[in-house]
Amino acid sequence: MAAPAAIDRGRPAGIRGWKFYDADDYHPEENRVKMGRGIPLNDQDRIPWLCNLHEMLLRDVASGQQVVLACSALKKMYRDILIQGKDGALVKHDKPGKEGKLAEVTLLVVHLSGSFEVISERLFRRKGHFMPPELLQSQFDTLEPPSAPEKFIQISVDKTPSEIIAIIVKALK
């Protein structure tokens with residue numbers, strides 16, 4: 001899912017049987033400290049984190065598990081890393097001579113869109129998160145909304161969480 005902290009994140013109750021990850025839970029401590037000090041993350045900060053998320057997704061998908069990942073994935077490059085890893089890693093095979101294919105995750109990006117004012121208000125109400133609301137502008141500055149040929153849907157954050165989940169569930173069917 002791609003959005004700059006658009007809605008309160010929690011387990012989407014409408015998607016039963018799917019494993020849920022909140023990407024924020026997997027930020028390394030250095031990233032948390034940096035954001036906590038009001039310093040925006042850059043590509044060098046985010047790429048190892050995104051590669052780790054790709055490996056988690058790939059492992060689950062390879063085992064047949066369906067997954068929802070709540071992740072800002074602000075740039076197309078970040079979404080590409082979630083799909084293919086950093087360098088489009090090849091699947092490893094046990095049999096010698098068997099050619100590998102690119103290790104990819106199928107991704108439906110749910111772009112939660114909203115005005116700076118609405119999202120800012122929600123961030124100021126959020127308690128106990130390492131990213132201060134003051135960093136929101138840097139996320140809007142970094143944001144590259146998804147576009148064709150990416151597979152995505154766009155949903156307004158003005159909808160209720162239940163409405164958002166219903167739209168996502170419908171798109172997944």
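The lining of the largest pocket has 14 nonpolar, three polar and one charged residues. In that count, Ala, Val, Leu, Ile, Met, Phe, Trp, Tyr, Cys and Pro are nonpolar, Asp, Glu, Lys and Arg are charged, and the others, Gly among them, are polar. The space in this pocket is about 470 Å³. Of its 18 lining residues, W18, V67, T106, L107 and L108 are the closest to the centre. Helix α2, strand β2 and helix α6 each supply at least two residues of the lining.

Some terms. The search runs on a 1 Å grid over the protein atoms alone: a pocket is an open set of points with protein on both sides within 12 Å along at least five of seven lines, a cavity is a set where a 1.4 Å probe fits but cannot get out, and lining residues have an atom within 4 Å of a point. Points are joined across faces, edges and corners, and a volume is the space filled by probe spheres set on the points. Helices (H or I, at least four residues) and strands (E, at least two) are DSSP runs, numbered from the N terminus.

Now the source. This is a predicted model, in which local features need pLDDT of at least 70 and side-chain atom pairs count only at pLDDT 80 or more, while totals for chains, interfaces and linings use all residues. Residues are numbered from 1 along each chain as its sequence is written, and side-chain values use heavy atoms, with hydrogens and water left out.

How many cavities of 30 Å³ or more does a search of the whole structure find? There are two. The second largest cavity holds about 30 Å³ of space. Its lining consists of M35, P40, L41, R46, M131, L135, S138 and Q139. By class, that is five nonpolar, two polar and one charged residues.

Next, the overall layout. The protein has six helices and four strands, in the order β-α-α-β-α-β-α-α-β-α along the sequence. Of its 173 residues, 41% are buried, where buried means under 20% relative accessible area, exposed means over 50%, and partly exposed is in between (1.4 Å probe, protein chains only). Among the contacts with a separation of 6 or more, 69% are between residues 24 or more positions apart; a contact means heavy atoms within 4.5 Å.

On to helix α3, residues 76-84. Its buried residues are Y78, R79, I81 and L82. They cover an arc of only 155° around the axis, which puts them on the same side of α3. The arc is taken from the directions from the helix axis to the C-beta atoms. What do the buried residues of α3 pack against? They pack against α2 (43-62), β2 (67-70) and β3 (109-113). After α3 comes G85, with a positive phi near 85°.

One of those buried residues is R79. R79 counts as buried because its relative accessibility is 2%. A polar atom of the R79 side chain lies 2.9 Å from the backbone oxygen of A73, and a polar atom of that side chain lies 3.5 Å from the backbone oxygen of L74. A73 itself is in the loop between β2 and α3, and is buried at 2% relative accessibility. Its phi is near 35°, a positive value in a residue other than glycine.

There is also a cis peptide bond, which joins A148 and P149, with omega about 10°. P149 sits in the loop between α5 and β4 (152-156). For comparison, most residues other than glycine have a negative phi, and most peptide bonds are trans.

Helix α4 covers residues 116-125, and I119, S120 and L123 are buried in it. Seen down the axis, these fall within an arc of 100°, so they line one face of α4. The face turned away from that buried side carries the exposed residues E117 and R125. The cover over the buried residues of α4 includes α5 (136-142).

D45 is in helix α2 and is buried, at 17% relative accessibility. Neighbours within four places in sequence aside, D45 contacts N31, K34 and P40.

I167 is in helix α6 (residues 161-172). Is I167 buried or partly exposed? I167 is partly exposed, because its relative accessible area is 32%. Not counting residues up to four places away in sequence, I167 touches I153, I155 and K159. I155 is twelve residues from I167 along the chain, and their C-alpha atoms are 8.0 Å apart.

Terms used. A polar contact is a pair of N or O atoms within 3.5 Å; within protein, one must be able to donate a hydrogen and the other to accept it, and residues adjacent in sequence count only if both atoms are side-chain atoms.
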